[in-house]
Amino acid sequence: DLLKSLLMYSVTLLLGLILMIIIYLLIVKLLTGRNPISFLKAILPAQLVAFSTSSSAATLPVTMDRVQNHLNVEKEVSSFVLPIGATINMDGTAVYQAVAAVFIAQTFGLDLSFTAQLGIISTATLASIGAAAVPSGGIIVLVIVLAQAGIPEAGLALIFAVDRPLDMCRTVVNITGDATVSTIVSKFQKNQS
């Protein structure tokens with residue numbers, strides 16, 4: 001039963017992360033007019049580095065290169081937006097923390113009220129901003145989310161087995177968001193010039 005639950009947790013999280021990438025691609029299309037497929041092709045090497053390292057910080061030089069040289073974002077924009085994004089834009093981590101908290105609560109048989117679920121979402125979003133841009137940095141911050149909702153921190157042991165591959169996927173979402181924002185800022189800056 002536990003393995004089946006972990007599989008469902010992993011699938012749920014992966015679906016949430018895929019949805020985030022689809023949202024990013026829609027935003028790129030709507031706000032910049034850029035073809036989402038060409039956008040993905042341009043940042044694919046950065047996504048692969050993010051996937052293999054699980055670190056937004058380690059991926060930063062590759063992301064900067066891909067955004068500047070393949071998405072034609074000015075160096076002034078990318079050198080400002082991307083480091084900030086690698087530090088505070090942890091959307092994949094926020095999704096992970098919310099899904100993990102609900103999974104752990106369900107595993108312990110805790111019934112979360114709607115208010116408690118909103119608290120988890122709010123805390124996960126705010127706590128993800130402070131997550132370190134290093135492998136498994138989000139799991140440390142997850143303790144804050146669990147404590148806020150009154151969920152036992154011992155539940156972290158349940159997700160350790162699947163955390164590394166999911167962390168790899170979260171990092172891909174995080175740097176995709178960074179590239180999206182830098183592309184949008186560049187487009188708006190060019191429009192104002």
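Trainee: Where does helix α3 bend?
Mentor: Helix α3, residues 56–70, bends by about 35° at valine 62. The bend at a residue is the angle between axes fitted to the seven residues ending there and the seven starting there; helices are DSSP runs (H or I, at least four residues) numbered from the N terminus. This is a predicted model, in which local features need pLDDT of at least 70, side-chain atom pairs count only at pLDDT 80 or more, and totals for chains, interfaces and linings use all residues. Residues are numbered from 1 along each chain as its sequence is written, and side-chain values use heavy atoms, with hydrogens and water left out.

Trainee: Which residues of α3 are buried?
Mentor: Ser56, Thr59, Leu60, Thr63, Met64, Arg66 and Val67 are the buried ones, where buried means under 20% relative accessible area (1.4 Å probe, protein chains only).

Trainee: What do the buried residues of α3 pack against?
Mentor: They pack against α2 (36–53), α4 (75–88) and α8 (156–192), with contact meaning heavy atoms within 4.5 Å.

Trainee: Now the start of α3: what does serine 55 reach there?
Mentor: A side-chain oxygen of serine 55 comes to within 3.4 Å of the backbone nitrogen of alanine 57.

Trainee: And what about serine 54?
Mentor: Serine 54, in the loop between α2 and α3, has a positive phi of about 60° although it is not a glycine. Most residues other than glycine have a negative phi. Serine 54 is also buried, with a relative accessible area of 1%.

Trainee: Which residue just after α3 has a positive phi?
Mentor: Asparagine 72, in the loop between α3 and α4, has a positive phi of about 60°.

Terms used
Helices (H or I, at least four residues) and strands (E, at least two) are DSSP runs, numbered from the N terminus. Buried means under 20% relative accessible area, exposed over 50%, partly exposed in between (1.4 Å probe, protein chains only). A polar contact is a pair of N or O atoms within 3.5 Å; within protein, one must be able to donate a hydrogen and the other to accept it, and residues adjacent in sequence count only if both atoms are side-chain atoms.
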